[in-house]
Amino acid sequence: FKSGFRIYELSNTLTKLNCKNEMNICKPSLNCKKFRNDCKKIFQCKNGRKGIIVHYYMKALGQPFDVDHFSPICAYHEASDRILLLDPWLYNKVNVCWVKIEDMFKAMATYDKIGDTFRG
């Protein structure tokens, strides 16, 4: 993946591995209400069969990397409207951080020139 892994490639790979998945593209013209509701719904599931992987532009979150990135979300805190982002990437010194839903949505609603689509 010399030019990176795109969101549709992740969805296709998960499908080939028999992992049921739903790919959602975020656009600046949309609001983050669906994303917030998806986070609430998924983290109410207690059997561990559901999760969220986000595809976002790292600089849009204030991270020092000019690349897009995939990370799993491991929790949603409704009172602060934040998600707990896990980032196992070797080069990122901050492996876990709480991110406002609105900020994550904005970072996902950025255009991926290589994939010719928005992230999500």
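Which residues does Ile83 touch, not counting residues up to four places away in sequence? Contact here means heavy atoms within 4.5 Å, and the answer is Phe35, Cys39, Ile73, Ala75, Tyr76, Cys97, Trp98, Val99, Ile101 and Met104. This is a predicted model, where local features need pLDDT of at least 70, side-chain atom pairs count only at pLDDT 80 or more, and totals for chains, interfaces and linings use all residues. Residues are numbered from 1 along each chain as its sequence is written, and side-chain values use heavy atoms, with hydrogens and water left out.

**The core**
- A nonpolar core is a set of buried Ala, Val, Leu, Ile, Met, Phe, Trp, Tyr and Cys residues joined through side-chain atoms within 4.5 Å.
- The largest one has 21 residues, and Phe35, Val54, Tyr56, Ile83, Met104 and Met108 touch the most other members.
- Helix α3 gives this core its largest share, 5 residues.

**Helix α2**
- Helices (H or I, at least four residues) and strands (E, at least two) are DSSP runs, numbered from the N terminus.
- Phe35, Arg36, Asp38, Cys39 and Ile42 of α2 are buried (under 20% relative accessible area; exposed is over 50%, partly exposed in between; 1.4 Å probe, protein chains only).
- Lys33 and Lys41, on the other side of α2, are exposed.
- The cover over the buried residues of α2 includes β1, β2, β3 and α3.

**Cysteines**
- The whole structure has 0 disulfides (pairs of cysteine sulfur atoms within 2.5 Å).
- The sulfur of Cys39 lies 9.4 Å from the closest cysteine sulfur, in Cys32, too far for a bond.
- Cys39 is buried, at 0% relative accessibility, whereas Cys74 is partly exposed at 33%.
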